[in-house]
Amino acid sequence: LDDADRFEFREQYTGLDDLYLDDDVDFLTWDEQLEYLHFLKGRAERGNADEQYKVASILMYGVDGVPRDIETSVRYFQNAAAAGNVNAIAKLGYVYYAAGDELHETEEIADEMAVKQFRKAAQKGDTYANYALGICYARGIGVKQDYKSAFRYFELAYNKGHAEAGYNLGLMRLLGLPGIKRDVKKAEAWFRDGAGKNHLYSAYQLGRLAKYDSCSEAVDSFKKVIEFMLLGPIQSHATDLFSRRDYKPALYRFVQSAFMGSKSAQYNAAFMIERKLGVEGSMMSNASEIAFQLYQQAESQKVHIATMRLADMMYEHGAYEQASEAYQKAKSCGATEAQFNIGVMHMTGKGLAMDYHLAKRNFDLAAQSEDGYIPSAIAQCVLRFCTPRQALCTLIFDVAYVIRGRMSYEDLELPEKQVFQRLIWEELERLLPQAKRQPIVANLDMVLLGILCVALLIVLAKLRLRRLTANTPEAHPHQD
């Protein structure tokens with residue numbers, strides 16, 4: 001952190017944002033990245049400004065399998081900027097500042113060109129451009145050094161959520177630079193806000209100031225910095241291995257970081273062990289127990305998605321009351337899925353009192369988010385259909401859980417008198433054994449899309465038939 005007291009363009013690796021693995025997270029191989037870039041280039045060449053910006057960003061930094069190409073990157077940024085992409089205008093300014101020598105420009109001319117682009121983007125309200133102008137005025141890049149102007153631009157960027165700009169505001173108050181009144185309390189407040197947004201340098205400065213007033217806050221801040229500095233490279237390597245589907249060494253490094261106290265590594269190790277990715281030997285037999293313990297460790301460090309996974313595991317193993325408590329805790333942290341699952345539990349009477357009104361209320365709340373709208377809409381349709389038929393309602397949701405592999409046929413509690421349900425389960429187990437369910441679930445979206453296409457074709461064919469029938473002479477007989 002040698003440059004913690006300097007104003008720098010920090011585009012990468014400044015934050016402490018943790019990557020949490022998820023079933024929806026997918027990584028591209030080198031060949032896939034090249035193919036993706038080729039696809040983007042095709043769309044960019046047809047004048048799509050957003051795709052031009054994406055291609056330029058990839059070529060600006062270079063990624064695995066894609067070499068860095070500044071000159072081509074600038075061409076794409078210029079095209080996107082000409083088409084009105086504000087992000088491209090601001091990023092073009094940064095390219096002039098950071099890589100002016102590669103563009104065969106002198107430092108003075110490159111800096112002036114950078115400021116010109118930053119001003120143009122700032123006038124259009126771009127957050128990064130305001131932050132960049134603050135840096136330029138603070139350091140005298142392409143303009144005369146002016147701390148008051150720098151403070152004003154940093155404030156504009158901070159008000160739009162830019163954490164690094166907030167850190168620089170705190171730094172200017174802490175140092176009492178020319179034209180800026182020194183105010184340690186205001187500086188500490190800005191650093192605290194930045195640390196809350198997982199900003200590395202803000203956490204470091206907060207620890208330095210807070211150690212005189214609050215040891216616990218200082219320890220928490222320094223812990224964030226240590227985790228990033230020491231465990232960051234290990235976890236970065238683990239994520240890279242996971243992206244290449246090299247699961248065994250990836251799991252080893254996540255576990256290594258987990259035992260050193262990293263909350264994201266504890267969650268990621270649990271995620272891999274629960275799905276038995278990279279798991280071998282004796283760990284196979286008690287993978288669920290190990291995953292559960294690691295999720296608990298992550299939850300103790302306020303990883304809210306770990307709370308959600310603990311609730312899911314409790315539900316899957318029949319501990320419905322404990323699951324409902326965990327779902328309530330996850331719901332208080334804003335987890336839409338937890339809200340939906342509480343509705344299901346009220347609907348089926350598992351772990352919570354059966355209450356259709358509360359079930360509908362939870363479905364309505366879950367539907368307010370983008371991810372929860374479709375599942376909630378389907379659940380409400382089931383609720384309307386099954387309200388007078390509770391046995392059928394429970395059966396529908398149990399079928400869904402069994403097909404998704406969340407529970408097995410043996411885990412279900414079906415009284416002997418429910419002969420009809422038992423016959424259904426036996427047929428389901430015979431027609432869809434465990435080995436066949438996963439591919440079906442994986443391709444379910446394509447199956448649904450195919451069904452919708454077929455239905456659309458049928459509707460179009462019927463409409464066309466109706467029009468043809470309406471135009472025949474028999475449809476309009478002449479009257480004498």
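Terms and values

Q: Where does Leu-460 lie?
A: Leu-460 lies in helix 23, residues 444-470; helices are DSSP runs of H or I with at least four residues, numbered from the N terminus. This is a predicted model, where local features need pLDDT of at least 70, side-chain atom pairs count only at pLDDT 80 or more, and totals for chains, interfaces and linings use all residues. Residues are numbered from 1 along each chain as its sequence is written, and side-chain values use heavy atoms, with hydrogens and water left out.

Q: Why does Leu-460 count as partly exposed?
A: Buried means under 20% relative accessible area, exposed over 50%, and partly exposed in between (1.4 Å probe, protein chains only). Leu-460 has 47% relative accessibility, so it counts as partly exposed.

Q: Why is Trp-190 called buried?
A: Its relative accessible area is 14%, which is under the 20% limit.

Q: Why is the pair of Tyr-158 and Trp-190 called edge-to-face?
A: Rings of Phe, Tyr and Trp (its six-membered ring) pair if their centres lie within 6.5 Å; planes under 30 degrees apart count as stacked, over 60 as edge-to-face and the rest as tilted. Here the centres are 6.4 Å apart and the planes are at 90°, so the pair is edge-to-face.

Q: What makes this pair tie together parts that are apart in sequence?
A: Tyr-158 lies in helix 7 (residues 147-158) and Trp-190 in helix 9 (residues 184-196), so the parts tied together are 32 residues apart in sequence.

Definitions and conventions: Helices (H or I, at least four residues) and strands (E, at least two) are DSSP runs, numbered from the N terminus.
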